[in-house]
Amino acid sequence: MPSRIISNIIAGQTVVSAAKESTVRSACSLMAQKRVGAMLVVENNRIVGIFTERDALNKVLAGNLDPDKTILSQVMVANPQTIRADKPLGYALQFMVDGGFRHVPVVDQNGAPLGMVSARDALGQDMVQLERDLKFREHLEENIA
């Protein structure tokens, strides 16, 4: 599982991004629509920040900021650490643990955004295997009974 390559994990993924001048409300609406927990803040095809659901909760909501007047540049994590798509998922997971975050922007060799990898991605294959194991167990139980 940790040896899966990031490029395979993000294959087909659409980069969800916004400009740093976007409001928190518009960013949160887009994140809800796309069903993601984080988005990239991009300028001139370069990542200048990342905005996460934790930022919305801890900085905006708990900070009593108006999401219609607060712009992303005020609450995003500026210049986030990034990872290349040719790295294994295990490397990304260790990167997240060491940095204390749950999302890592993925970039190409020129630094252009390709997508996002999250701690949840590590669960993907395990969840599929768990479902298979449960179905197999149910099948065995039905045939034994």
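This is a predicted model: local features need pLDDT of at least 70, side-chain atom pairs count only at pLDDT 80 or more; totals for chains, interfaces and linings use all residues.
How many aromatic pairs does the count come to? The answer is two aromatic pairs, and we'll get to both of them below. The chain has 145 residues, and 33% of them are buried. It carries six helices and seven strands.

**The chain as a whole**
- The chain's accessible surface is about 9,000 Å², and carbon and sulfur atoms account for 51% of that.

**The aromatic cluster**
- Tyr91, Phe95 and Phe101 come together as one aromatic cluster.
- A pair of aromatic rings is described by how far apart the centres are and by the angle of the planes.
- Going by the count of two aromatic pairs, here's one of them: Tyr91 and Phe95 are stacked, at 6.2 Å centre to centre with 15° between the planes.
- Both Tyr91 and Phe95 belong to helix 5, which covers residues 89-99. They sit four residues apart there, or about one turn of the helix.
- Phe95 also pairs with Phe101, with ring centres 6.0 Å apart. The planes of Phe95 and Phe101 are at 85°, so this pair counts as edge-to-face.

- Phe95 has a relative accessibility of 19%, so it counts as buried, given that the cut-off for buried is under 20%.
- Phe101, with a relative accessible area of 22%, is partly exposed.
- Tyr91 is partly exposed too, at 44% relative accessibility.

**A charge over a ring**
- Tyr91 has another partner besides the stacked ring of Phe95: the charged end of Lys87 sits over the ring of Tyr91.
- The charged end of Lys87 is 5.2 Å from the centre of that ring.

**A nonpolar patch on the surface**
- Phe136, Leu140 and Ile144 make a nonpolar surface patch of about 340 Å².
- One of these residues, Ile144, lies in helix 6, which spans residues 121-144.
- Ile144 has a relative accessible area of 71%, so it counts as exposed, the cut-off for exposed being over 50%.

Methods: Residues are numbered from 1 along each chain as its sequence is written. Side-chain values use heavy atoms; hydrogens and water are left out. Patches are made of residues with over 30% relative accessible area and no salt bridge: like charges are joined within 9 Å, nonpolar side chains (Val, Leu, Ile, Met, Phe, Trp, Tyr) within 5 Å. Accessible areas come from the Shrake-Rupley method with a 1.4 Å probe; for residues, only the protein chains shown count as cover. A salt bridge is a side-chain nitrogen of Lys or Arg within 4 Å of a carboxyl oxygen of Asp or Glu. Helices (H or I, at least four residues) and strands (E, at least two) are DSSP runs, numbered from the N terminus. Buried means under 20% relative accessible area, exposed over 50%, partly exposed in between (1.4 Å probe, protein chains only). Rings of Phe, Tyr and Trp (its six-membered ring) pair if their centres lie within 6.5 Å; planes under 30 degrees apart count as stacked, over 60 as edge-to-face and the rest as tilted. A charge sits over a ring if NZ of Lys or CZ of Arg is within 6 Å of the ring centre and within 35 degrees of the ring normal.
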